[in-house]
Amino acid sequence: MTFDKTKPVLVTGGNGYVASWLVKYLLEDGIDVHATVRDPANKKKVGHLEAIAADAPGTLTLYAADLFDENAFDEPMQGCEVVFHTASPFVISGIKDAQAELVDPALKGTENVLQAVERVKSVKRVVLTSSVVAIYGDAADMADAGIDAFTEAHWNTTSSVDHQPYNYSKVRAERRAWQINEKQDRWQLVTINPGFVLGPSLTQASASTSLATMKQFADGTLKMGAPELYFGVVDVRDVALAHIKAGFTPDASGRHITNSETLSMLEMGEALRGEFGERYPFPTRELPKALLWVAGPFQGLARKFVARNVGYPLAFDNSYTKRDLDMEFRPARATVVEHFQQMLDDGVVRRRG
Ligand code: NAP
């Protein structure tokens, strides 16, 4: 299958942390981008995209679309061969109603976008921003499965609306997308399954947990120590590039673990201390699991989360993605350092010393 790059593409949630880089690269490549956002008039949320578009050969058209609106995606999809569906809440703390705040928008949003794809016959390929958390739910799943690393063959079967609801929202949405895709043969589905995305942000208005987590390295949250948690880390610019390759590579297919390497929170702190010194409250040790088990619930960490994630190593096999999408990944420590530098440069974090 080949794609005509003179036709527009659709990016849902175009103002998000990840999608902003995707829109930037598409525009710089001369591709016309139709981007849906919740509020195109909100300059805080879309101003950075308009500034990028002003200097790029591709044109940007913004459309208003909420994931719950069944008919909002038809108009922006007109004439598109490739649809990038990135919009989905990535919020972990402060959730009161996980079904309404996470699962419904992920699942209904995916259904609404794909039902529009069914109606708009120009579409040939959909790239869905899924996640490694559609592959596993808790770090303990790896030991339970008796494997050394997760691959694209694995699915998250351990999350629910009550336990790891964000992970549950992502696996429900991805499974639904494959179900809808399998019923027809006009359009192909390719998924990008990133690990924990870090790296410089083009927007300060995103609610992404990626940005909130990096801020914790500066605000003193981790001063007394970090939980022994491991993340498959990937640079936001590599995630954007992987989407573009998944969109336009003729034979790209299937799911793609989009990760560079696994780092613990302490290793991230050590990388930051190596670059920025002792001036910031980077963690210097790991907190005992027993302490987290006792104190966790008071800090938003459920006991079951602590029990099944703290102290369990994680590993991912990214070889299929490297092959299928011809990808190389930036080293994770450099990504963490560049992210912190961007926060200093943009005044998100106050410079010390
Ligand atoms: P983000 O900056 O918060 O982006 C989320 C986007 O979804 C925003 O554009 C947001 O719009 C939109 N959205 C949320 N609820 C919506 C609704 N009801 N209707 C319409 N749009 C809605 O977070 P991100 O980190 O870039 O995440 C983007 C995608 O990557 C998500 O699918 C996420 O699950 C996936 N992902 C992220 C990571 C990571 O580590 N960051 C890892 C794996 C996968 P508003 O700006 O209006 O809120």
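How many residues surround the ligand, and which are the closest? Keep that in mind as you look through these close-up views of a predicted model.

**View 1. The surroundings of the ligand.**
In this predicted model, 28 residues surround the ligand. The closest of these are Arg-38, Tyr-166, Ser-206, Ser-208 and Ser-210.

**View 2. Polar atoms facing the ligand.**
Arg-38, one of the closest residues, places a polar side-chain atom 2.7 Å from an oxygen atom of the ligand. The backbone takes part as well: a polar backbone atom of Gly-13 is 3.3 Å from an oxygen atom of the ligand. For Leu-67, look for a polar backbone atom 2.8 Å from a nitrogen atom of the ligand.

**View 3. Helix H4 beside helix H6.**
Here you can follow helix H4 (residues 98–119) along helix H6 (residues 165–182); their axes come within 9 Å and cross at roughly 20°. Because angles under 35 degrees count as roughly parallel, H4 is roughly parallel to H6. The crossing of H4 past H6 is right-handed.

**View 4. Residues in the contact of H4 with H6.**
On the H4 side, the contact is made by Ala-98, Leu-102, Val-103, Ala-106, Leu-107, Thr-110, Glu-111 and Leu-114. They meet Pro-165, Tyr-166, Tyr-168, Ser-169, Arg-172, Ala-173, Arg-176, Ala-177 and Ile-180 in H6. Sorted by type, the residues of this contact are twelve nonpolar, two polar and three charged.

**View 5. Helix H1 beside helix H2.**
What angle do helix H1 and helix H2 pack at? For H1 (residues 17–28) and H2 (residues 43–54) the angle is about 15°, and the axes are 9 Å apart. That makes H1 roughly parallel to H2, and their crossing is right-handed. Ser-20, Val-23, Lys-24 and Leu-27 in H1 meet His-48, Leu-49, Ile-52 and Ala-53 in H2. Five of the residues in this contact are nonpolar, two are polar and one is charged.

**View 6. Pro-331 in its loop.**
Pro-331 sits in the loop between helix H12 (319–324) and helix H13 (332–345). Leaving aside residues up to four places away in sequence, Pro-331 touches Ser-260 and Glu-261.

Conventions
Residues numbered from 1 in each chain as written. Predicted model: local features only at pLDDT ≥ 70, side-chain atom pairs only at ≥ 80, totals over all residues. Heavy atoms only, no water. Axes fitted to C-alpha atoms, helices over the stretch in contact; angles between N-to-C directions. Helix = DSSP H or I, 4+ residues; strand = E, 2+ residues; numbered from the N terminus. Parallel < 35°, antiparallel > 145°, perpendicular 65-115°, else oblique. Left-handed = near helix turned anticlockwise from the far one by under 90°. Contact = heavy atoms within 4.5 Å. Nonpolar A, V, L, I, M, F, W, Y, C, P; charged D, E, K, R; others polar. Near = heavy atom within 4 Å. Polar contact = N/O pair within 3.5 Å; in protein donor to acceptor, adjacent residues only side chain to side chain.
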